[in-house]
Amino acid sequence: MPDRADHARRRDVAPILRHRPAEQSLFSGIYGLVLASALVAALDATSEKADPGPDALWVLLTALAAGAAHGYAHVIAQRASADGAAPMGRLRLVLAEWPLVAAVLPTVAILLAAVAGWWTEATAVDVALLFNTAALFGWGTWAARTAGHGWPSSLRAGGLDMLIGLVIIIADTLIE
């Protein structure tokens, strides 16, 4: 009969980026969108010279740090439990936070478009905030549909998620 160590070794052979349950990916994606919105709003200081390149870098680096921290928190929680998964299982937990980083990439791309001169940083920030707010609606609706809710309930859930983006837009307007 195989022991626990054999089972752990077989688990480590599985692909590092194995399929995650939809709710975990949706959680990380929504978290990444909120993080990107808050960061782009905070980095959009009106009293400073516009410099969207470093802002894009800060959004990306912060998402990478948040993803790593969130994955590592899973590792610590697993270590504290009786599970005792093998090191590759722990690495998988950290790497499984890729949806958080992926969710900030549109914001980074929008800021880099400002670096390329396609629009001003202020316009890029506005576009990023609007895009992220619309994406929050979509991801929130998708999350509710994935959970088995009907369309009316899912659209309400998406609307509530969208409110997070609207609050960030309002705060950005009031703070500037």
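How many helices and how many strands does the secondary structure of the protein chain come to? The count is 7 helices and 0 strands. The model is predicted.

**Overall make-up**

Along the sequence, the pattern reads α-α-α-α-α-α-α. The protein chain has 176 residues, and 35% of them count as buried. Its accessible surface comes to about 10000 Å². Carbon and sulfur atoms hold 71% of that surface. Consider the contacts in the protein chain with a separation of 6 or more: 70% of them join residues 24 or more positions apart.

**Helix 5 and its partners**

Helix 5 spans residues 98-115. It packs with helix 3, residues 52-80, and its axis also comes within 9 Å of that of helix 6, residues 121-146. The table sets out both pairs.

| Pair | Axis distance | Angle | Residues in contact, by class |
|---|---|---|---|
| Helix 3 and helix 5 | 8 Å | about 175 degrees | 16 nonpolar, 3 polar, 1 charged |
| Helix 5 and helix 6 | within 9 Å | roughly 160 degrees | 9 nonpolar, 2 polar, 1 charged |

**Helix 3 with helix 5**

The axes of helix 3 and helix 5 pack at about 175 degrees. Angles over 145 degrees count as roughly antiparallel, so helix 3 is roughly antiparallel to helix 5. On the helix 3 side, the contact is made by P52, G53, D55, A56, V59, L60, A63, L64, A66 and G67. Helix 5 answers with L100, V101, V104, L105, T107, V108, L111, L112, A114 and V115. By class, these residues divide into 16 nonpolar, 3 polar and 1 charged.

**Helix 5 with helix 6**

The axes of helix 5 and helix 6 cross at roughly 160 degrees. That makes this pair roughly antiparallel as well. The crossing is right-handed. From helix 5, the residues in contact are P106, T107, I110, L111 and A114. They meet E121, A124, V125, V127, A128, F131 and N132 of helix 6. This contact has 9 nonpolar, 2 polar and 1 charged residues.

A109 and A56 are 53 residues apart in sequence. In space, their C-alpha atoms are 7.8 Å apart.

Conventions. Residues numbered from 1 in each chain as written. Predicted model: local features only at pLDDT ≥ 70, side-chain atom pairs only at ≥ 80, totals over all residues. Heavy atoms only, no water. Axes fitted to C-alpha atoms, helices over the stretch in contact; angles between N-to-C directions. Helix = DSSP H or I, 4+ residues; strand = E, 2+ residues; numbered from the N terminus. Parallel < 35°, antiparallel > 145°, perpendicular 65-115°, else oblique. Left-handed = near helix turned anticlockwise from the far one by under 90°. Contact = heavy atoms within 4.5 Å. Nonpolar A, V, L, I, M, F, W, Y, C, P; charged D, E, K, R; others polar. Buried < 20%, exposed > 50% of the residue type's maximum accessible area, 1.4 Å probe, protein only. Areas by Shrake-Rupley, 256 points an atom, 1.4 Å probe, with all protein chains shown as cover.
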